[in-house]
Each structure stands twice: as structure tokens, then as C-alpha cells.
Amino acid sequence: MKAVLLFLLFIISSQLTNAQHDKLNQSFQAQVGTEIFHFEFKEKNAYLYHGMNPWDVGMSIKNGKVWANKTQFYKSDTIKRNNGEDLHSKIEYDSEKLLSIKYRKNNISEVSQSELDAFLVNTLKYTPNLMLNYFNAHKDRVTQNANNENGFTTQLKEYQVELFVDEKTNLVSKISTFSSIESDDQYYGFGDVTDVYYYENYELVEGKTYHPQEVILSELNGKLKDTVEIQSLQIADHLIDLIPDPKLFEIQEDEIVKPDITIEHYSENVYFINLHHCGTRSLMVEFEDFVLVAESPLNSANGEILIAEVKKLAPNKPIKYFVFGHFHPHYTGGVRPFISEGSKILCVEENQTYIQHIADAAHTLLPDALQKKPTEIKFEEIYQAKLITDGKFKMIIYHIGKKSHHTNDYMIYYFPKEKLVFQDDLLWFDENTTPDKVGDKMIGFHDAVKDLNLDVIEVAQNWSVFDKKNKMMFDFKQLSDLVEKAKLLK
Ligand SMILES: [Zn+2]
């Protein structure tokens with residue numbers, strides 16, 4: 001059996017034959033060649049945002065221009081925002097250099113070697129040509145797709161890239177990427193992600209070479225769809241200089257984020273576990289014969305770090321409960337290790353399908369404990385409020401929902417002995433805050449506490465913290481005074 005598998009692996013990863021390489025080369029000649037393409041585009045970009053409910057999709061529209069040949073990609077674009085504001089960005093890329101001025105910035109951004117090496121993936125939304133050139137020029141790094149003789153595969157940094165050539169036209173029909181990059185808020189906790197770019201409505205440009213007039217991106221395993229309409233295609237005789245060359249351009253070393261953790265023992269039963277590398281604070285509550293943990297940010301690695309810290313603090317007690325204040329990634333992204341730990345997941349009923357989705361998401365590229373040993377989730381529903389107690393110490397979880405002005409599932413945790421509330425991200429004030437700067441979230445939280453008749457002295461916040469020098473502990477009386485003054489202004 002093992003020998004058969006090895007043999008199959010050998011076949012799958014075998015190098016291209018001459019005929020296969022000819023196919024790539026024909027495609028390259030038909031649609032790339034030596035030309036510089038110039039076109040305008042209109043892009044509809046769908047994205048997950050931190051809205052009131054899981055899977056809330058935002059939409060932005062970009063208009064822009066591209067100049068591209070086989071190795072260089074220049075782009076400038078504008079996003080029109082609903083408030084009338086225009087945001088601009090510019091990019092000049094070739095395989096050795098990436099000059100980029102991002103939205104709301106005036107300076108050229110720093111670029112790491114990994115970003116530069118993987119940047120080709122960012123061109124796929126507008127043109128397949130640079131990637132096709134890469135495949136054609138690096139045939140020693142390209143293998144034939146195991147199930148499709150018109151499909152080719154290569155590994156580009158963290159991306160497994162597959163490129164498909166149409167059998168009849170010899171033009172690129174689609175390119176897909178397979179990765180598990182959790183550097184973007186959209187992808188946290190989702191594990192393996194496939195994005196597929198479809199190239200459609202090819203036009204013969206000025207009788208020379210073909211270019212698609214539409215790119216459709218099926219993103220995040222089909223959850224989101226972007227479209228890019230390409231107009232006014234023409235062959236240009238030179239690239240337009242969009243960004244003046246800086247005196248010095250240096251590629252930065254890749255930044256490696258190391259876990260940075262401190263523990264605060266707040267009271268006999270309450271610990272804060274501060275994850276400085278995420279800018280968040282998790283909560284551990286120690287009861288007589290079990291432990292509860294709240295808030296596990298961004299990805300499984302953080303969940304595993306948290307569990308290790310909890311086991312140091314309370315070596316022989318099971319983590320009976322895991323709870324999150326709301327569904328956003330800084331609270332749920334690292335839930336998977338708690339599922340494999342066997343903890344009960346406390347949440348409102350509406351969140352169960354979202355958490356089940358994170359639990360079901362394949363993590364084959366970066367296997368975590370749950371991938372290695374699938375475990376069924378144990379949910380325990382929270383309806384309005386839940387008391388967690390060992391008969392002595394008490395913690396009460398309250399569902400304040402849309403009173404938070406942040407999410408519909410919002411929960412806060414109350415500790416009657418300490419007169420403490422722990423919440424995620426509703427308070428943004430300090431000694432210098434004036435009543436006119438008090439927002440709906442602060443008022444909503446304050447009123448929810450009052451409506452519940454809770455006796456509160458102090459409020460702890462989970463995010464966003466150490467790196468930005470924001471406050472993480474608040475005096476409830478000070479909040480009350482500020483909110484009362486703010487209400488007089490309304
Ligand atoms: Zn949030």
C-alpha cells in the first residue's frame with residue numbers, strides 16, 4: 001500500500017513533459033507575449049466586516065487603471081465612500097520591487113520579502129498574465145494537475161496555485177489559490193481557504209493578444225463573490241510612472257510575531273491573561289473544581305497558548321466552560337482548541353451555527369488539535385442570563401444584545417463579590433474625554449448595567465489595549481457621570 005502511495009505521489013509531482021510545457025507556452029503567446037496592457041476597471045469587492053451579525057457582508061466599489069506586462073504591474077484606484085470621501089491607492093510592482101501607497105497614507109509602505117514573493121497573487125484579480133508568465137518561466141517548479149491535463153500547479157510561498165488553460169482557446173480560464181493565511185480579519189479561524197479567479201469574455205486587443213474583460217473571484221471557499229469589469233483595453237507603449245522612485249528602497253525582514261503573555265491575578269478567583277501580541281485580554285475564572293475561560297482571539301495557536309497558561313494556573317481543574325462576549329474574531333477565532341479540550345461552549349442559540357462552521361472548517365494545511373482529533377461540540381445555550389457557580393463563588397453572564405450598539409449577541413460578565421463587569425470592546429474614554437465624545441456603545445453599556453440593577457465599581461475591557469496605550473480598566477462611577485452629561489447634550 002505504502003509503495004503504491006509513494007508511486008502515486010511521484011506521478012502527481014512529476015515534472016512537465018515537453019508537450020505539457022508547450023501548452024503553457026502557447027497560452028503565454030496567445031495572451032501575454034511582450035505587450036503592455038492598459039485598461040480601466042470597476043471592482044465590486046465583498047468583504048466580511050465586524051457587523052451586528054455573523055456573516056454580515058460589506059461592499060465597496062473601486063474604480064481604477066492598470067498598466068501591466070508579463071512581469072510588471074502598475075495600478076492606481078479610488079474607493080468612493082458613502083460619506084463622500086475618496087480614498088486612493090497606488091502600486092508599482094515587479095519581481096524585485098514593490099512600491100505601494102495605501103489608502104489614507106502618503107508614504108510608501110514598508111514591504112517584507114514574503115509580501116514581495118507572494119505579491120503575484122494580488123494581481124490575479126485584474127489579469128492572469130503575470131501568473132501565467134510565472135508558470136511558463138518556471139516550468140521546473142510547475143507540475144501537472146493530477147486530475148486535469150489542462151491544469152498546472154505550483155507553490156508560491158504559502159499559496160498552492162493552480163492554473164487552468166481552456167482546451168479549445170488555449171487561454172487561461174481560471175486560477176485558484178489554496179492557503180491558510182490568518183493575517184486578515186476575514187480569514188481568522190477559517191483554516192484552509194480556496195479562492196478561485198474566473199477569467200471571462202476574452203477580447204482580442206488591437207489584433208495582437210487576448211485579455212479577459214471580466215474577472216470573477218469566488219472568495220473564502222465560495223462565501224463571497226467579487227467582480228472586476230475591465231474596460232477600454234488597449235496596448236500601451238510604456239508604463240506610466242505612478243510613484244516617484246524613492247531614494248532608498250529596502251525590503252524588510254519578515255516579522256515573526258512571538259507570543260507575549262502576562263497574567264494579572266485580579267482577585268482570588270479572577271485572572272486576566274493578557275495576550276499582548278494580539279492586543280487582547282482573556283479571562284480565566286477559577287471555581288472550586290473547574291475553570292471557565294472567556295475570549296480566545298484570532299486563531300487556534302492563541303487558543304492553545306491560552307489553554308497552556310490556564311493549566312499552569314489551575315493544573316488539576318478541567319476547563320468546563322468557554323464563553324465569548326460576541327462573535328467577532330478577537331473572541332471566537334481561537335475557539336477550536338477549547339472544543340477539542342471538551343469544554344462546553346456557552347452562547348446564545350443564534351451563534352451555534354457560526355461556531356459549528358468554525359469547528360467544521362478544514363485545517364489540513366496548518367493542522368490544529370481539532371483537525372487531528374475531531375471532537376463533537378458541546379453547546380450550552382444562554383438565554384438572557386446564566387449563573388455559573390460552584391455553590392460559593394458566583395459569576396453571571398448577561399445577554400445585553402443590541403443594547404451594546406455593537407452586536408446582537410453581545411454578552412457581559414458580572415462578578416457580584418468583586419463588583420466587577422468584564423466586557424469586550426464597548427468603552428473608549430479616559431480622563432480627558434468630554435461628554436460630546438461619548439458614543440452609543442458607551443451609553444448602551446452603561447444603560448444595560450443600570451437596567452440590570454448591577455452594583456458595579458470597576459469594568460475590565462478585553463480590547464484594544466497594550467499596544468495603543470488605551471485604557472483597560474474603567475471606573476463605573478466616572479463612566480456614569482460622563483454618560484449623564486452626554487445625555488443632556490442629546
Ligand atoms: Zn467587536
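Buried, in what follows, means under 20% relative accessible area, and exposed means over 50%. I need that for the helix I start with. Please keep in mind that this is a predicted model.

The helix is α2, residues 18-31. Its 14 residues reach 20 Å from the first C-alpha to the last, close to the 20 Å expected at 1.5 Å a residue. Which residues of α2 are buried? They are Gln-20, His-21, Lys-23, Leu-24, Ser-27, Phe-28 and Gln-31. These residues sit on the same side of α2, because they cover an arc of only 150° around the axis. Asn-18 and Ala-19, on the other side of α2, are exposed. After the helix comes Gly-33, with a positive phi near 55°.

His-21 lies in α2 and counts as buried because its relative accessibility is 15%. What does His-21 contact, once neighbours within four places in sequence are left aside? Its partners are Leu-16, Asn-136 and Lys-139.

Next, the cores. In general, nonpolar side chains in soluble globular proteins tend to be buried together. In this model the largest nonpolar core has 44 residues. Those that touch the most other members are Phe-73, Tyr-93, Met-131, Phe-135 and Leu-163. Helix α5, residues 129-137, gives the most to this core, with 5 residues.

Leaving aside neighbours within four places in sequence, Leu-163 is in contact with Leu-24, Met-131, Leu-132 and Phe-135, among others. Leu-24 is one of the buried residues of α2. The contacts of Leu-163 also include Asn-150, Gly-151, Phe-152, Val-172, Lys-174 and Ile-175. There is a second, separate core of 36 residues, and among its members are Ala-46, Val-291, Ile-305 and Ile-358.

Now the metal site. Which residues coordinate the zinc ion? The donors are His-326 through NE2, His-328 through ND1, His-406 through NE2 and Asp-425 through OD, at 2.1 to 2.3 Å. The arrangement is irregular because the 4 donor atoms subtend angles of 87 to 174° around the zinc ion. In sequence, the spacing of the donor residues is H-x1-H-x77-H-x18-D. His-406 and Asp-425 are 19 residues apart and link distant parts of the chain. His-406 is in the loop between β23 (394-399) and β24 (411-415), and Asp-425 is in the loop between β25 (420-423) and α11 (440-451). Are these two residues buried or exposed? Both His-406 and Asp-425 are buried.

Asn-269 is in the loop between β15 (261-265) and β16 (270-275). With a relative accessible area of 11%, Asn-269 is buried. Not counting residues up to four places away in sequence, Asn-269 touches Met-284, Val-285, Glu-286, Phe-393 and Lys-417.

The other is Ile-216, in strand β12, residues 209-219. Ile-216 counts as buried because its relative accessibility is 17%. Val-196 is 20 residues from Ile-216 in sequence, and the two are 8.1 Å apart in space, C-alpha to C-alpha. Ile-216 touches Val-196, along with Tyr-197, Tyr-198, Glu-200, Lys-225, Asp-226 and Thr-227, not counting residues up to four places away in sequence.

Technical notes:
Residues are numbered from 1 along each chain as its sequence is written. This is a predicted model: local features need pLDDT of at least 70, side-chain atom pairs count only at pLDDT 80 or more; totals for chains, interfaces and linings use all residues. Side-chain values use heavy atoms; hydrogens and water are left out. Donors are N, O and S atoms within 2.8 Å of the metal (3.2 Å for Na, K and Ca); water is not among the atoms, so sites may look incomplete. Four donors count as tetrahedral if all angles lie between 85 and 135 degrees; four count as square planar and six as octahedral if opposite donors are over 155 degrees apart and all others between 65 and 115; anything else is irregular. Helices (H or I, at least four residues) and strands (E, at least two) are DSSP runs, numbered from the N terminus. Buried means under 20% relative accessible area, exposed over 50%, partly exposed in between (1.4 Å probe, protein chains only). The expected span of a helix is 1.5 Å times one less than its number of residues. The arc is that of the directions from the helix axis to the C-beta atoms. Contact means heavy atoms within 4.5 Å. A nonpolar core is a set of buried Ala, Val, Leu, Ile, Met, Phe, Trp, Tyr and Cys residues joined through side-chain atoms within 4.5 Å.
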